[in-house]
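Reader: I've got a chain here that I'd like to talk through. Can you walk me over its layout, its core and its helix packing?

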Amino acid sequence: MHKHGHIGLSLAVAAPIAIIFGYFFGPQWATLTLIFSFITSRVPDFDHRTELIAHRGFTHTIWFAIIISLAGALIITQISTIAGTGPENAGITLSNITNLLPTFAMTFTGFMIGFISHLIGDIITEAYDYTVNPFWPVSNVAYTLSWTKADSKVWNWGLLLLGIFSTGITFITIFIW
Ligand SMILES: [Zn+2]
C-alpha cells in the first residue's frame, strides 16, 4: 500500500474514536486524535529509508507501535503540563498524575491507531516477498489477506477518499451538531 492509502485508512479508522473523544473530552481531542493517527500511520515504512533494518521487520510489529506510542504520549503529556501556568503545570508529578491520565491515554490511543491501521493496510496488501508478522519475535505467524496489490490505484485512492470523507464526518459531528 502506498502513502496516500495508509493515510486514508488511518483517518478512517481513527474517525469513530475521534468522535467519541471529541464528544466526551472536547472537540480539540477529535482533531488531535486524527492528527496523532495521521502522524504514526507512516512511521513503520521509515524502514524503507535505511539499510540497517529489514523492510516490514520490527517497525511492523505491535511492540514497536507500543514503544513509540508510549514515548510519544509521555512527551505530549509532559508538554501539555508545562504549556499552562501555575503549580499544576510543573510537569508530570505524583500529585497531578491522575489528572493527566486522560491526556496520556487519548494521546497513546491516537498514536496506536496510526500504527495499527498501517499494519491492517499492509496485511490486506499482497505480500510479495515481505510479510507482516505483527507479534514477532514472540510469534512468527505472518498475516496476509492479499486483497490488493500495493500499487492498486482503486484501493489507494479509494482509501484516501474514505479517509477524507471520515474526517469530514468527524468535524461535522463534533463542531456542527
Ligand atoms: Zn508498511
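This is a predicted model: local features need pLDDT of at least 70, side-chain atom pairs count only at pLDDT 80 or more; totals for chains, interfaces and linings use all residues.

Reader: How many helices and strands does the chain have?

Author: The pattern along the sequence is α-α-α-α-α. So by the DSSP runs used here, the count is five helices and zero strands.

Reader: Does the radius of gyration agree or disagree with a compact globule, and what is the value?

Author: The C-alpha atoms fill a box of roughly 55 × 40 × 25 Å along the principal axes. For 177 residues, a compact globule would have a radius of gyration near 16 Å. The chain's value agrees with that, and it is 18 Å.

Reader: Which residues is Ala14 in contact with, leaving aside its neighbours within four places in sequence?

Author: Ala14 is among the residues with the most contacts inside the largest nonpolar core. Once its neighbours within four places in sequence are left aside, its contacts are Thr33, Leu34, Ser37, Gly110 and Ile113.

Reader: What share of the chain's contacts with a separation of 6 or more is between residues 24 or more positions apart?

Author: Take the contacts in the chain with a separation of 6 or more. Residues 24 or more positions apart account for a share of 68%.

Reader: Is Phe64 buried, partly exposed or exposed?

Author: Phe64 sits in helix α3, and apart from residues up to four places away in sequence it touches Phe58 and Thr59. Phe64 has 18 C-beta neighbours inside 10 Å. Being buried takes 20 or more, and exposed means 12 or fewer, so Phe64 counts as partly exposed.

Reader: How are α1 and α5 oriented, roughly parallel or roughly antiparallel?

Author: Two packed helices are described by the angle between their axes and the distance between the axes. The axes of α1 and α5 come within 6 Å and cross at roughly 20°. Angles under 35 degrees count as roughly parallel, so α1 and α5 are roughly parallel.

Reader: And is the crossing of α1 and α5 left-handed or right-handed?

Author: This is the pair whose axes cross at roughly 20°. The crossing of α1 and α5 is left-handed.

How values were computed
Residues are numbered from 1 along each chain as its sequence is written. Helices (H or I, at least four residues) and strands (E, at least two) are DSSP runs, numbered from the N terminus. The radius of gyration is taken over C-alpha atoms; the globule rule is 2.2 Å times the number of residues to the power 0.38. Two residues are in contact if their C-beta atoms, placed from the backbone, lie within 7 Å. A nonpolar core is a set of buried Ala, Val, Leu, Ile, Met, Phe, Trp, Tyr and Cys residues joined through C-beta atoms within 7 Å. Axes are lines fitted to C-alpha atoms, for helices over the stretch in contact, and angles run from 0 to 180 degrees between N-to-C directions. Angles under 35 degrees count as roughly parallel, over 145 as roughly antiparallel, 65 to 115 as roughly perpendicular and the rest as oblique. A crossing is left-handed if the near helix is turned anticlockwise from the far one by less than a right angle, and right-handed if clockwise.
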